[in-house]
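My notes follow in the order I looked things up.

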Amino acid sequence: MEVNRVSFSGKLVQTKKGNTYEKTNTGKRIGTAAGLVGGTVLASSGFIQLGAALTGAKFFKGNKAVAATYALLAAGVAAVTLAGRAIGAIPDAIINNARKAKADKASETTND
């Protein structure tokens, strides 16, 4: 299994042993975008809007209830976006760890 070709705009960084490898953040970027789209679609659903409106109306009256509804919807979109970013960071960590190990192993074999 090859995990070294996933990088659209990786930057070169060094391992603790001083070996260079290309670090990727592609998963985070894709996860953030997917979370933002997913959160927006979720927030636009009538069920979620109704729940936010009822919650806002329960605690506030008048214009404050409307503001609370939008705040709840925005907080939900932000939470889903951050969750998408966190999930996208998982493959990045796996790929970057494999690249670190490969860079360190390559330097060990050339130094022997």
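I began with Thr81, which counts as buried at 14% relative accessibility. Here buried means under 20% relative accessible area, exposed means over 50%, and partly exposed lies in between, using a 1.4 Å probe and protein chains only. Thr81 lies in helix H3. I then listed its contacts, leaving aside neighbours within four places in sequence: Gly31, Thr32, Gly35 and Leu36. Contact means heavy atoms within 4.5 Å.

I noted the ground rules next. This is a predicted model, where local features need pLDDT of at least 70 and side-chain atom pairs count only at pLDDT 80 or more, while totals for chains, interfaces and linings use all residues. Residues are numbered from 1 along each chain as its sequence is written, and side-chain values use heavy atoms, with hydrogens and water left out.

Then I looked at the layout. The protein chain has three helices and two strands. From the N terminus, the order is β-β-α-α-α. Helices (H or I, at least four residues) and strands (E, at least two) are DSSP runs, numbered from the N terminus.

How do H1 and H2 cross, and at what angle? The axes of H1 (residues 26–44) and H2 (residues 46–59) come within 5 Å and cross at roughly 70°. That makes H1 roughly perpendicular to H2, a label for angles of 65 to 115 degrees. The axes are lines fitted to C-alpha atoms over the stretch in contact, with angles running from 0 to 180 degrees between N-to-C directions. At the meeting point I found Leu42, Ala43 and Ser44 of H1 against Gly46, Ile48 and Gln49 of H2.

Together with Phe47 and Val80, they make a nonpolar patch of about 380 Å². Val80 lies in helix H3, which spans residues 63–111. Val80 is partly exposed, with a relative accessible area of 30%.

I also checked Glu22, in strand S2 (residues 20–23). Glu22 counts as partly exposed at 30% relative accessibility. Its C-alpha atom is separated by 7.4 Å from that of Arg99, 77 residues apart along the chain.

Last, I took the totals. Buried residues make up 26% of the 112 residues in the protein chain. Among contacts between residues at least 6 apart in sequence, 61% join residues at least 24 apart.

Note on methods
Patches are made of residues with over 30% relative accessible area and no salt bridge: like charges are joined within 9 Å, nonpolar side chains (Val, Leu, Ile, Met, Phe, Trp, Tyr) within 5 Å. Accessible areas come from the Shrake-Rupley method with a 1.4 Å probe; for residues, only the protein chains shown count as cover. A salt bridge is a side-chain nitrogen of Lys or Arg within 4 Å of a carboxyl oxygen of Asp or Glu. Angles under 35 degrees count as roughly parallel, over 145 as roughly antiparallel, 65 to 115 as roughly perpendicular and the rest as oblique.
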